[in-house]
Amino acid sequence: MDEEYDVIVLGTGLKECILSGLLSVDGLKVLHMDRNDYYGGDSTSLSLNQLWKRFRGEDKPPAHLGASRDYNVDMVPKFMMANGTLVRTLIHTDVTKYLSFKAVDGSYVFSKGKIHKVPATDMEALKSPLMGIFEKRRARNFFIYVQDYNEAEPKTHQGLDLTRMTTRELIAKHGLSDDTVDFIGHALALHRDDHYLNEPALDTVKRMKLYAESLARFQGGSPYIYPLYGLGELPQAFARLSAVYGGTYMLNKPECKVEFDMEGKVCGVTSEGETAKCKKVVCDPSYLPNKVRKIGKVARAIAIMSHPIQNTNDSHSVQIILPQKQLGRKSDMYVFCCSYTHNVAPKGKFIAFVSAEAETDNPQSELRPGIDLLGPVDELFFDMYDRYEPVNEPSLDNCFVSMSYDATTHFETTVTDVLNMYTLITGKTVDLSVDLSAASAAEEY
């Protein structure tokens, strides 16, 4: 312990593990500590016994649910865009060799009380029951514009400056209805609320292109992929990467008190009477509670089921987005479902999550619209946790604190936080211009 490190990372949540891996690859001397005796922090995966203990106390799970070890229930369930930033980070760091992925079967949106497949291309727009015949043509024209748009080629812009034009103005130009805008903005561009309508349209167009590119990459029913055995595999994969590059890991280290010098800059971390010196600390909000503020809560329901969700074409893995407007809410609700085909449950069993930014103190009633889509469930658990963001100035104290995980069931916001933190810590950006076709080790997709 009594050594000096460039960076000490506290907590083995996914964000902290990615940063630990990236910084180790950069040649920094990294010590990674966690007060828990397991990897993953808040983003860990639980066996059935662990799930039961967390939510039901000492009761034992019923035998008909199957073996405890066959369950890997994520506490922060999220799918990855096949062409997205996290996959690029995995390939950039070669972490793919520690993981196997499988495509997610379906991507759906809730509209007017029903579940519909999300149309992502001009051809899918023409077939979608989400829209009437004239609206389909308008939507098709909009999709073609987005597909053809290339930032570097002005002739594809059709005279529009998307850095100045708002999304609302771009949509008005194509004459799309509010319901069409709803699924495009929330289920394709993955915006969490409607603020994007007044922002420059370029961001939304880029998000739509990412969705379409991800969908095309593996010709599956969705743009998403997910690791076999659940997300608990990811922190461990990045931890292995860090160890390969000389990172030191210590689990089950109680307290982990961050020490500061006379100027208020971090100078080390003390645990069990020993202090490791360091220049910088990276951690989740729980390690430096006086440097964060609460920004909301996430409400979540976790269901164990014996069937796929109805009206999803019997998909064994699926994301359903319920846009805020459809529910009269301020932000979206998300349904995530995975099953034994991704090795997260025994044969015949499905794990579903309903997540939302909490707008009341009653998750049971607030999450009802999403729970109603699941059909009969074997078991149902409710969870609620606070979300925090850092309020410190890292240039003054050398403390780099991650944001709490949001309610979304995809990774794009998570990785943005990680890459922003990496730039703050190192002054560099990660080069993610990798050749995605070279991802040979992960091609179980």
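These legends describe close-up views of a predicted model.

Residues are numbered from 1 along each chain as its sequence is written. Local features need pLDDT of at least 70 and side-chain atom pairs count only at pLDDT 80 or more, while totals for chains, interfaces and linings use all residues; side-chain values use heavy atoms, leaving out hydrogens and water.

**View A. Helices α1 and α14 pack against each other.**
Helices (H or I, at least four residues) and strands (E, at least two) are DSSP runs, numbered from the N terminus. Helix α1 covers residues 14–25 and helix α14 covers residues 412–426; their axes lie 10 Å apart at an angle of about 40 degrees. Axes are lines fitted to C-alpha atoms, for helices over the stretch in contact, and angles run from 0 to 180 degrees between N-to-C directions. The two helices are therefore oblique to each other (angles under 35 degrees count as roughly parallel, over 145 as roughly antiparallel, 65 to 115 as roughly perpendicular and the rest as oblique). From α1, Lys15, Ile18, Leu19, Leu22 and Leu23 meet Thr414, Asp417, Val418, Met421, Tyr422, Ile425 and Thr426 of α14. By class, this contact of α1 with α14 has 8 nonpolar, 2 polar and 2 charged residues (Ala, Val, Leu, Ile, Met, Phe, Trp, Tyr, Cys and Pro count as nonpolar, Asp, Glu, Lys and Arg as charged, and the others, Gly among them, as polar).

**View B. Ile425 is found in helix α14.**
At 5% relative accessibility, Ile425 counts as buried (under 20% relative accessible area; exposed is over 50%, partly exposed in between, with a 1.4 Å probe and protein chains only). Leaving aside neighbours within four places in sequence, Ile425 is in contact with Leu19, Leu23, Lys280, Val282 and Phe400, where contact means heavy atoms within 4.5 Å. Phe400 is 25 residues from Ile425 along the chain, and the C-alpha atoms of the two are separated by 7.3 Å.

**View C. Helices α5 and α8 cross at roughly 90 degrees.**
The axes of α5 (residues 133–148) and α8 (residues 201–218) come within 9 Å. These helices are therefore roughly perpendicular to each other. Phe142, Phe143, Val146 and Gln147 of α5 meet Val205, Met208 and Lys209 of α8. The residues of this contact of α5 with α8 divide into 5 nonpolar, 1 polar and 1 charged.

**View D. Strand β12 is joined by bridges to β11 and to β13.**
Two strands pair if DSSP finds at least two bridges between them. In β12 (residues 266–271), 5 of the 6 residues are buried. Strand β11 (residues 257–260) runs antiparallel to β12, with 4 bridges, and Val258 has Val269 as its bridge partner. The hairpin of β11 and β12 has 5 residues between the strands, and Gly264 in the turn has a positive phi of about 85 degrees. On β13 (residues 274–283), also antiparallel to β12 and joined to it by 4 bridges, the bridge partner of Val269 is Ala276. The hairpin of β12 and β13 has 2 residues between the strands, and Glu272 takes a positive phi near 55 degrees.

**View E. An open sheet of 3 strands has the order β5-β9-β6.**
The pairing in this sheet is antiparallel. β5 (80–81) and β6 (101–103) stand at the edges with a single partner strand each, so one side of each is left without a neighbour in the sheet. Between β5 and β9 (residues 224–227) there are 2 bridges, and Met80 stands opposite Ile225.
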